[in-house]
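Reader: Could you take me through the labels you put on this fold, and say what each one rests on?

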Amino acid sequence: MNARLSDATLAVARPSIVRPAYDRASTTVGVVHFGPGAFHRAHQAFYFDELLGRDPTCAVSAVSLRSPGVRNALAPQGGLYTLAELDEATSFRVIGAIREVLVAPETPEAVFARLADPRVRTVTITVTEKGYTLEGGGDLDARHPDIEHDLRTPQTPVSLVGWLLEGLRRRRATGAPPFDVVSCDNLVDNGARLRRAVVQFAETSDRELARWIEREVRFPRTMVDSITPATDDALRRRVEVEVGLVDAWPIQREAFTQWVVEDALQPGAPDLRSVGVTLSNDVPAYDRAKLRLLNGAHSTLAYLGLLRGHETVAEAMADSELARLVESMMREDIAPTISAPPELDLQSYLAAVLRRFRNPTIRHLLSQIAWDGSQKLPFRILGTAADALAAGAPLSRLALPLAAWMVFVRNRAREGADIVDPLAPRLLELGRACTGDAGHDVQLFLQLETVFPRTLAGDARLRSAVEVAYARLPQIG
């Protein structure tokens, strides 16, 4: 059996493996990251690994808010792990950016020591949307059990917001400058939302601290993108063969990766631009491009592809008729609704998305993309449809994913199968009530106000386009 990956064994890895281009022992922690899951290790840690070759002060202290799993896997490896980049030719790279993994409940003072350290200039975050403990309207959920706990015992927080606030309080008390708080979760207006939550939490106990945070702390908006399939035993076996060392938790992702950060970092922040991060004054434009071109096309491929018997995105894109339809929708229906900043070449971005969809090494299941359609479609498709209606543009292609979702729900209900969606009980009820008549069935779904705003549901042009698409789908599928 091969040896375990570590600093001591890295020298015997296969010659083709890309190694850290710096002396790990000479690096210092300048970044704290909350939520060291797969996406962080495939994305932000990769960029910091690149940056450490230029700036040895950007090593990462990774903090798990609850689970010791990542720590248990990486601690025996000194924080090292393998990143497999899945492209026409898969490449393997050992990432050395993570110097330590802390489990917050086990060593809270070690976490606070990092947060209070003036050498730490940046705190990055990937804890998923639920980790922000927000209400539906975007305010801090004061009745969330974690927030209630942190209000009672702020010195031993359990929520992300609680950790950030106490860390900032300690920095202010010592006169250290604040760190930048960089949310990297797929949450619209992520920086502003997190800032609002932290300030609201501070106001419950220390209004002066709240005002200091408002004045001094920067919460830049961001957009992140890279498909990161889950680690499985097949990847572990492949990494052991290719690297020549055992890695308890390697990571895989597509070769494409994108990180856009609002150009509002404090002076002296890590030079992210030098390693390919886009600093922009219009992050929402990048969000919209991703949401509509990438995610909107993904949902279209999912529902239409499943109807045509496909299993993955790459398989769906190998269907020439479906691929042409999706590309035409992206170029002719979606792209005209996006106002791109000067640094974003929309046509190049669109072409890159299509190449990514065709990547045969990424097994991205259509069934997974089809999850939570009631939550995704309003942002991925309906916004574009509303803009098209306002411009008097045709809706025939944009109506197809909406109709295909309805057929998907109808078919799942007829089969007695479950649906992964917060509205699953209601959707299955609607699916069982469908008769196959386009006018009848479409109207049932348009009554879902949590999905279809009244202005759209009541627009005869949208209803007619969806009805026509719904009636066509048995032929298409």
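Author: Here is where the labels come from, one at a time. This is a predicted model, where local features need pLDDT of at least 70, side-chain atom pairs count only at pLDDT 80 or more, and totals for chains, interfaces and linings use all residues. Residues are numbered from 1 along each chain as its sequence is written, and side-chain values use heavy atoms, with hydrogens and water left out.

Reader: Why are helix 12 and helix 13 called roughly antiparallel?

Author: Helix 12 (residues 320-334) packs on helix 13 (residues 346-357) at about 165°, the axes being 11 Å apart. Angles over 145 degrees count as roughly antiparallel, under 35 as roughly parallel, 65 to 115 as roughly perpendicular and the rest as oblique. Therefore this pair is roughly antiparallel.

Reader: Which residues of helix 12 and helix 13 meet?

Author: From helix 12 you get Glu327, Met330 and Arg331, and they meet Gln347, Leu350, Val353 and Leu354 of helix 13. Contact here is heavy atoms within 4.5 Å. That contact divides into four nonpolar, one polar and two charged residues.

Reader: What makes Tyr286 count as buried?

Author: Buried means under 20% relative accessible area, exposed over 50%, and partly exposed in between, with a 1.4 Å probe and protein chains only. Tyr286 comes in at 3%, so it counts as buried. Tyr286 sits in helix 10 (residues 283-307). Leaving out residues up to four places away in sequence, Tyr286 touches Met223, Gln258, Val260, Thr278, Ser280, Pro341, Glu343 and Leu344.

Reader: And which residues have the most contacts inside the largest nonpolar core?

Author: Those are Leu301, Met330, Trp405, Phe445 and Phe452, in a core of 75 residues. Helix 16 (residues 399-415) gives the largest share of this core, 11 residues. A second, separate core has 71 residues, including Val63 and Trp259. A core, by the way, is a set of buried Ala, Val, Leu, Ile, Met, Phe, Trp, Tyr and Cys residues joined through side-chain atoms within 4.5 Å.

Reader: What is the phi of Thr133?

Author: Thr133 has a positive phi of about 50°, though it isn't a glycine. Most residues other than glycine have a negative phi. Thr133 is in the loop between strand 6 (122-125) and helix 5 (145-152), and at 3% relative accessibility Thr133 counts as buried.

Reader: Is Asp189 buried, exposed or partly exposed?

Author: Asp189 has a relative accessible area of 29%, so it is partly exposed. Asp189 also has a positive phi, about 60°, without being a glycine. Its loop runs between strand 7 (180-183) and helix 7 (190-203).

How values were computed
Axes are lines fitted to C-alpha atoms, for helices over the stretch in contact, and angles run from 0 to 180 degrees between N-to-C directions. Helices (H or I, at least four residues) and strands (E, at least two) are DSSP runs, numbered from the N terminus. Ala, Val, Leu, Ile, Met, Phe, Trp, Tyr, Cys and Pro count as nonpolar, Asp, Glu, Lys and Arg as charged, and the others, Gly among them, as polar.
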